[in-house]
Amino acid sequence: MIRPAVMSDDQFEDHAIGHLLRELDERGEIAFQEELARRGAPGHATLRELREALGQLALAVAPAEPVMKPISASE
Amino acid sequence: MPSNEIQPLLLRVADGDAGALAELYDATAVFVFGILRRMLWNTESAEEVAQGVYIQVWKTARGYDPGRGSAWSWLALLTRGRAMDRMRADGSYRDAIADLALHQPDPIDPAGPPRSDAAHIQRAETVREALRAMPGDQRRALELAFFGGLTQREIAFRIDTPLPTVKTRIRTALTRLRERVASVPQA
C-alpha cells in the first residue's frame, strides 16, 4: 500500500538536493529517507535524475587537464 | 571513451579487479582532476585528493548500484565528496575557496573544455546550453553549491538572499538541467 507523502514535491526535491550535496543534518537525512521510502519508485526516480543532473554538471563544466601520478590498488 | 563504458569497468573494480581500476583511472582521471581543480583551485591539492578518490573507488565500488544512476555521476559525486572533505578539513582554506568562487565574474564557463568523444561532447554541450539559457542567479547558486562547497544556508548568507530563494534557484536550475540531460540519449 502506498502511504501518503508528508512532504510537498518541492520540499522533497530540496531534501534530495541537500542529500546529494551532503548538507542535511541527521534529522534532515532521516526525514528524507522516510519520505523517499514513502514515495517508492517515483521518489527514487527523482533522486536518480537529480544525481544524474549534478554528475553531468560536474563533467560538463569542470576543466579537464592532463594528470598526474599513477596509482596502485594496493594503497 | 563513451559515457557508459566505464560502468563495466566499475563493476569489475567492485569484484576486486585491479587491472580494471587502472583502466578506469586512464578513462576518467582527466575528468576527476578537472572537478578537483574546479573545486580546490590548486593543482597540488587536486592531485593529492585525486589519489584519494581512486583509493575510495577501490574500496567502495562494491556499493555502486547501476539502478541508482550512471557510473559517471557516481564518480563525479564521490569526487566532489572527497574535495568537500578536503575543504572541511581546513576551514580557512574553505573560506578562501568560497570567496574565490563567489567573486568569480562567471563561475561556470559556458564554453567549457573540449571533449574527446562524441557522447560526452553531446551531453556536455547539452548541459552547457542549459546553463547558458539559465538566469545568472540560478547558475551562480548552483555553482556555489556544487563547486564552491557552500551549503545553501551559507550561500544565502554570503549573497544576502533569503534561504528559500536560494533553495528555489538551485532546485529550478537542477530541474532544468535534469530535463535537458534526460532528453539526451545514453551513449
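Two residues are in contact if their C-beta atoms, placed from the backbone, lie within 7 Å. The views below use that rule on a predicted model, in which local features need pLDDT of at least 70, side-chain atom pairs count only at pLDDT 80 or more, and totals for chains, interfaces and linings use all residues. Residues are numbered from 1 along each chain as its sequence is written, while chains are lettered from A and ligands numbered from 1 in the order in which they are written.

**View 1. Where chain B touches chain A.** In this predicted model, 47 residues of chain B are in contact with 32 residues of chain A. Helices 2, 3 (43–60), 4, 6 (118–133), 7 (136–146) and 9 of chain B each supply at least two residues to the side that touches chain A. Helices here are DSSP runs of H or I with at least four residues, strands are runs of E with at least two, and both are numbered from the N terminus. Helix 2 of chain B gives the most, with 11 residues. By class, this side of chain B has 27 nonpolar, nine polar and 11 charged residues. Ala, Val, Leu, Ile, Met, Phe, Trp, Tyr, Cys and Pro count as nonpolar, Asp, Glu, Lys and Arg as charged, and the others, Gly among them, as polar.

**View 2. Helix 3 of chain A against helix 9 of chain B.** Helix 3 (residues 41–61) of chain A and helix 9 (residues 163–183) of chain B pack at about 90°, with axes 8 Å apart. The two helices are therefore roughly perpendicular, a label for angles of 65 to 115 degrees; under 35 is roughly parallel, over 145 roughly antiparallel, and the rest oblique. Axes are lines fitted to C-alpha atoms, for helices over the stretch in contact, and angles run from 0 to 180 degrees between N-to-C directions. Chain A contributes A:Glu49, A:Leu50, A:Glu52, A:Ala53, A:Gln56 and A:Leu57, and chain B contributes B:Leu174, B:Leu177, B:Arg178, B:Val181 and B:Ala182.

View 3. Chain A has three helices and zero strands. Buried residues make up 39% of its 75 residues; a residue is buried if 20 or more other C-beta atoms, placed from the backbone, lie within 10 Å of its own. Helix 2 (residues 26–39) of chain A has 14 residues and reaches 20 Å from first C-alpha to last, close to the expected 20 Å. The expected span is 1.5 Å times one less than the number of residues. Just after this helix, A:Gly40 takes a positive phi of about 65°.

**View 4. Helices 2 and 4 of chain B.** Chain B has nine helices and zero strands, and 42% of its 187 residues count as buried. Helix 2 (residues 18–40) and helix 4 (residues 71–89) of chain B pack at about 35°, with axes 10 Å apart. From helix 2 of chain B come B:Thr28, B:Val32, B:Ile35, B:Leu36, B:Met39 and B:Leu40; from helix 4 come B:Leu75, B:Ala76, B:Thr79, B:Arg80, B:Ala83 and B:Arg86. Eight of these residues are nonpolar, two polar and two charged.

**View 5. Helices 3 and 4 of chain B.** The axes of helix 3 and helix 4 of chain B come within 9 Å and cross at roughly 125°. Helix 3 of chain B is therefore oblique to helix 4 of chain B. B:Ser45, B:Val49, B:Gly52, B:Val53, B:Gln56 and B:Val57 of helix 3 meet B:Leu78, B:Thr79, B:Arg82, B:Ala83 and B:Arg86 of helix 4.

Key. Buried ≥ 20, exposed ≤ 12 C-beta atoms within 10 Å, placed from the backbone.
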